[in-house]
Amino acid sequence: MRTAALCIALISSLVCAQTLDPAKLSQPPTDTWPTYNGDYSGRRFSPLKDIRLDNIRELSLAWMYRVKTGPQRGVSNVQIKSTPLEVNGVLYLTIPDHVWAVDAHSGTELWHYEWKDQGGHLIGNRGVGMYGDWLYFLAPDGWLISLNAADGAERWRVHVADAKLQYFTTMAPLVIRDHVVIGVGGDAMDVPGFLESRDPKTGALQWRWNTEPQAGEPGAETWPDAAAREHGGGMTWLPGTYDAELNLLYWGTGNPNPVFAGQSRKGANLWTCSIVALNPDNGKLAWYFQASPHDTHDWDDVETPVLFDGMVDGRPRKVMAQAARNGFLFLLDRTNGKNILSVPYSGADWADGLDVNGQPIPNPKKAPQRDGTLVNIPEQGGTNWYPPSFDPDTGMFYVNAQKGFSLFYLIDESANPEGYGGSGLTLWWQSALEAIDYRTGKICWSHTFPGTGRSESGVLSTAGGLLFSGDQHGNLIAFNAKTGALVWHFHLTAPVSNGPMTVELGGTQYLIVGAGDTLYAFAVRR
Amino acid sequence: MGGRTIALHLLCAVSVFAQASQTPRSTPLDERLQRGREFLGLGAPPDAGAAAAGQKIFSANCAFCHGATANGGEGPNLVRSSLVLHDEKGELIGPVIQNGRPDKGMPAFSNFTSEQLHDLAEFLHQRVYEAVNRWGYQVGNIVTGSTSAGQSFFSQHCTSCHSPSGDLAHVGSKYQATDLQALFLFPRTLLPVPVHVSIRTPEGHEIDGTLVSQDDFTIVIKDKLGRMFSWQTEKIQFETHDPLAGHLDLLPRYTDADMHNVLAYLVTLK
């Protein structure tokens, strides 16, 4: 405690090192939250239980920290979509173009780094990655920037994606040993997706994995020609997960391009809308599972591939679960990518059964049509980027699910469509927090948030028997993770806009949540 | 779902279509394009006059290889060209046209004036803009169904609340087909349609009104005099009546053919 206080006091004088102990990266998060998801598994489960079912009513506001940038270009309100990292008592949070270090005990700003807006999309930023004393931040216009964690000073910048080609960069870099893994976004102009590993010391390229196979490689046969492949999309815009024992990096890829108009890219379009397992040392593909062969609905499959050890048919298995944007829950054997279960958790009338590999078969009649087709899932899909959670104590997978109906239109009917080539419109929309039995896909409990609009809150589960998420009306809500009963709530100034996280500092467990332009910390005070 | 609900359906149906004529539902194209341009980080919009002039030059001189819409033929697709996407106002495009690319079989067009080069560049930027800025996309002709089949569907499923000569008279001329499709499927897609609420307080008071907001903890209503009331939901009894319940019941039951038929029928209600 004394050390921590001293450490905080010294930050301003730049003496205290902020070093992240690499061992923390492979442990469940307690006093440190060192990656976007808290650990490599993507479970967003905290073993902390200082805040628990029997004292949750005493949970109260500890501090608030508001970012004061004002509105940003092209987006109406600032939204903290980043999950802050917490290392040695300091939180690192971001919005597009901005990074802050904030004292986790008090919410006091320690430093602020600003990148001048030069392009790209300011749709969101998921946070920073950390290696030793250094942070990694992606500016919206394709620059990877390394900062000193102690004072926010820029160490170097490298250009990783071209905003003039409509790439943009929003993800939180994922650090694995001496690899800084970064992905890209951008589906406005038919560019190919990729994932890169960069040297944490210099930013130099270590390897690059391309979403589309090169001519003659396996998977190339799922595209009609080179032009389709070279402009096939498949962005990599959310952080993946990692199994150190298998030394496999798991990553979800985005939708193919042109987005809604699939006529120039007949075929499955590998490896778009897929979960891929890569060797983090060289970027080589170990296996893939394609969630949406030949997607035409803009349903990126980038949602977190969540890793845990499960029991399947009475046998312990290394599994991965993903609540995909296309409305399916997928359970895979993560050693080899073999499908165990594919079950819809939202509407899925776009699919016409499953193929032998457990991959949904798209129904061509539900692909966008000139006069519209009615689909029983909202336009944005069954969920989106907001992180889900897996609780090993309940065995349940939790996701903010979207239910509804939408119309999909094909607009560019030419042989060589461009960009989006169509559009979608949600007619009716309802959000529900769902607890799913990963072994069967059965909904154990579901809580529909009353009213219109959609919740875009992430989910956190804890060993205190609690589940934290938010509704679309601005309530941060604690649920009994087992039963779904609402046990506590607090009305914020905006709906929860990130994945809640929790850490223990000096014997106090803090629950930390971003909502709009404000970061909130809650604790049980003694 | 009793007589009361149906009465509410009617009431609301009237108000839905009454509001519609007064409420501008879709943002004008210029504003949408501007919003898209800001979000996408695009520069100034192309000069439409120059682009139109450029298109004529392009058709006569370039379309033969690059396609009429510049997205490729024997020659490369220029809409996805990295050089075009990096060009601001002809500074990169101009020299390529003037000098050609002899190594790739493109002849030099050294006779173009700087104004013609500018127009050509603006035409290419216009093409890129049309592809990238999806805020400007326009849905095509969606009236493809059978009017008689639509009328028959309407008679079976809609006439308990709606009448083609009453609340729906002239909807075919009031609305664009794209709006009409969204409106009949689920009116709240484009219009605010209030939900009716009946509250019974612990003291036994009954208050009727329309829903202002509702979450898991609080309900706010407005009564017919415009007064707002708020309660913790656990402290009261309340019932909500959504006048669009019938629309919600139908949403999972439409085939795409039903949907297209109903639209084909509604557009005839001029």
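What covers the buried residues of α10(B)? That was my starting point today, and I kept in mind that this is a predicted model.

**Entry 1: α10 of chain B**

I looked up the cover first. It includes β27 and β28 of chain A, together with α9 (171-174), α11 (245-250) and α12 of chain B.

Next I checked how much of the helix is covered. α10(B) is mostly covered, with 7 of its 9 residues buried. I noted the buried ones as B:Thr178, B:Leu180, B:Gln181, B:Ala182, B:Leu183, B:Phe184 and B:Leu185.

**Entry 2: α10 against α12**

At what angle do these two helices of chain B cross? I found roughly 115 degrees between the axes of α10 (residues 177-185) and α12 (residues 256-266), which come within 10 Å. The crossing is right-handed.

From α10(B), the contact uses B:Ala177, B:Leu180, B:Gln181, B:Phe184 and B:Leu185. From α12(B), I wrote down B:Met259, B:Val262, B:Leu263 and B:Leu266. Sorted by class, the residues of this contact are 8 nonpolar and 1 polar, with no charged ones. I also marked B:Leu180, B:Gln181, B:Phe184 and B:Leu185 as residues that are in this contact and on the buried list for α10(B).

**Entry 3: where the chains touch**

How many residues does each chain put into the contact? I got 40 from chain A and 36 from chain B.

On the chain A side, β25 (373-375), β27 (396-410), β28 (422-437) and β33 (486-491) each supply at least two residues. β28(A) gives the largest share, 4 residues. By class, I have 16 nonpolar, 16 polar and 8 charged residues for the side of chain A that touches chain B.

**Entry 4: a sheet in chain A**

β33(A) made me look at its sheet. I found an open sheet of 5 strands in chain A, in the order β1-β30-β31-β32-β33, with mixed pairing. β1 (45-46) and β33 stand at the edges with a single partner strand each, so one side of each has no neighbour in the sheet.

I then went through one pair inside it. β31 (residues 466-470) and β32 (residues 475-480) of chain A run antiparallel and are joined by 5 bridges. A:Leu467 stands opposite A:Phe479 in β32(A).

**Entry 5: the chains overall**

Chain A has 2 helices and 36 strands. Its radius of gyration of 22 Å is close to the 24 Å that the rule gives for 526 residues, so chain A is as compact as a globular protein of that length. I noted a span of about 65 × 50 × 45 Å for its C-alpha trace along the principal axes. In chain A, 61% of the 526 residues are buried.

Last, I looked up sequence separation. Among contacts in chain A between residues at least 6 apart, 59% join residues at least 24 apart. For chain B, residues 24 or more positions apart account for 66% of the contacts with a separation of 6 or more.

Terms used
Residues are numbered from 1 along each chain as its sequence is written. Chains are lettered from A and ligands numbered from 1 in the order in which they are written. This is a predicted model: local features need pLDDT of at least 70, side-chain atom pairs count only at pLDDT 80 or more; totals for chains, interfaces and linings use all residues. Axes are lines fitted to C-alpha atoms, for helices over the stretch in contact, and angles run from 0 to 180 degrees between N-to-C directions. A crossing is left-handed if the near helix is turned anticlockwise from the far one by less than a right angle, and right-handed if clockwise. Two residues are in contact if their C-beta atoms, placed from the backbone, lie within 7 Å. Ala, Val, Leu, Ile, Met, Phe, Trp, Tyr, Cys and Pro count as nonpolar, Asp, Glu, Lys and Arg as charged, and the others, Gly among them, as polar. Two strands pair if DSSP finds at least two bridges between them. A residue is buried if 20 or more other C-beta atoms lie within 10 Å of its own, exposed if 12 or fewer, and partly exposed in between; C-beta atoms are placed from the backbone. The radius of gyration is taken over C-alpha atoms; the globule rule is 2.2 Å times the number of residues to the power 0.38.
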